[in-house]
Amino acid sequence: MIGSGNILAAGAVALVALLGVGPPGGGVSAGFHADRVPVSHPEDPAPGPDPVENPRPVVYLTFDDGPHPVYTPQVLEVLASHEVKATFFVVGDMVRRWPEAARQIVEEGHSIQSHAWNHDTLTAFSRKEFIRDMNRTQTELLYATKTQATCLRPPYGATSSRVEKWANELGLTVELWDVSGSDWTDISAGGIARRVIRRVAPGSVVLLHDGGGPRSRTVSALEVIIPALLEEDYRFGLLCRPNPLSVEPAVCAFALAWPRVGTCDRYWQQEVQ
Ligand SMILES: [Zn+2]
C-alpha cells in the first residue's frame, strides 16, 4: 500500500506537471492569458485567433452556474442559430453531474471556465481550501472536456487581492463582468433583454445564467439580445480561451485511469499542507 501510494503520488505529480496546474513553466498555458479582455481594457480586440483588425465592436456573453442538462443545451441552441460564441463559467460539481453538457459547450467552440467547485464564497476560504477547490474543479473539467480553465469567476463576484493572488498562482485570472442581466431575480425575459441591450458598450462582459435555477427567461431573452446586438454591428468574442491539453490523448488516458476522487485529490492535499 505504501509502495503503490508512492507510485500514485509520483504519477500525480507527473500529471500535474504535464497539465500545467501548478506554476507556469510547462508551456501548456503560454499565450492563453493574452487572449482575455479585461473590462478595464474595453477597446482591446482580443489578440490571438480572433481577427485583430476587426473594426466591429466586441461584446462577451458569459453564462454562469451551469452546466445544466436542460438550459445549457437550450442556450447553446440559440447561440448556434446565430453562429455566436460565448463563455461559460461552470460549477465543478455541476460538471461532475452533467459532463455531457460540459462537453457540448467545448465541442461547439465556446470557452469553458471555472466558477469554483460548489459556488462557495471564496473570500471565506483559507489558502488550502481555495487551492483544493480550484484543483478539484480543474480535475473535473479535465475528466469531462479534456480542457482546463484559465480564468476564474468567483461566485457572487466575491473576490479580494488574496483570492486574486492565489488564483494567479494556479494560473487562473479572475474575471468579473460589467453588465448584468439580473436574470436570477424575478425580472421578465423582456426586462433581461432590455437591461442588457441598454447597458452594453464596446468590450462589455455580459453576465447571464444557464444554471442555478429555471432559466427559460434567460433563453428567451437571448433570442432578443443577440439579434439586437448584431443589428448594432457587435461581434461576439470569447473570453479566456480554455486551455486544451497539448499532450492528449496520453495524459487523458492517464488521468481517466484513476478513480475520480483518487490521486489528484490526494496530491492536492499533500501539496498545500
Ligand atoms: Zn454563480
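Student: How far does α5 reach from its first C-alpha to its last, and what span is expected for its residues?

Tutor: α5 has 19 residues and reaches 26 Å, close to the 27 Å expected at 1.5 Å a residue. The expected span is 1.5 Å times one less than the number of residues. Helices are DSSP runs of H or I with at least four residues, strands are runs of E with at least two, and both are numbered from the N terminus. Before we go on, residue numbers start from 1 along each chain as its sequence is written. The model is predicted, so local features need pLDDT of at least 70 and side-chain atom pairs count only at pLDDT 80 or more, while totals for chains, interfaces and linings use all residues.

Student: Why is α5 called largely enclosed?

Tutor: Because 14 of its 19 residues are buried. A residue is buried if 20 or more other C-beta atoms, placed from the backbone, lie within 10 Å of its own, exposed if 12 or fewer do, and partly exposed in between.

Student: What makes Asp65 buried, but Lys146 partly exposed?

Tutor: Set the counts against those cut-offs! Asp65 has 24 other C-beta atoms within 10 Å, so it is buried. Lys146 has 18, so it is partly exposed. Asp65 lies in the loop between β1 and α2, and its phi is positive, about 80°, although it is not a glycine. Lys146, in the loop between α5 and β4 (147-148), also takes a positive phi, near 60°.

Student: How do you know which peptide bond is cis, and where is its proline?

Tutor: Look at omega: from Gly66 to Pro67 it is near 0°, and that bond is cis. Pro67 sits in the loop between β1 (58-64) and α2 (71-81).

Student: Why are the buried residues of α6 said to line one face?

Tutor: Val163, Trp166 and Ala167 are buried in α6 (residues 161-169). Down the helix axis they fall within an arc of 100°, so they line one face. The arc is that of the directions from the axis to the C-beta atoms. An α-helix has 3.6 residues a turn, so residues three or four places apart point the same way. Ser161 and Lys165, on the other side of α6, are exposed.

Student: What does the buried face of α6 pack against?

Tutor: Those residues pack against α5 (127-145), β5 (151-152) and β6 (173-174); residues are in contact if their C-beta atoms, placed from the backbone, lie within 7 Å. After α6 comes Gly171, whose phi is positive, near 80°.

Conventions: Contact = placed C-beta atoms within 7 Å.
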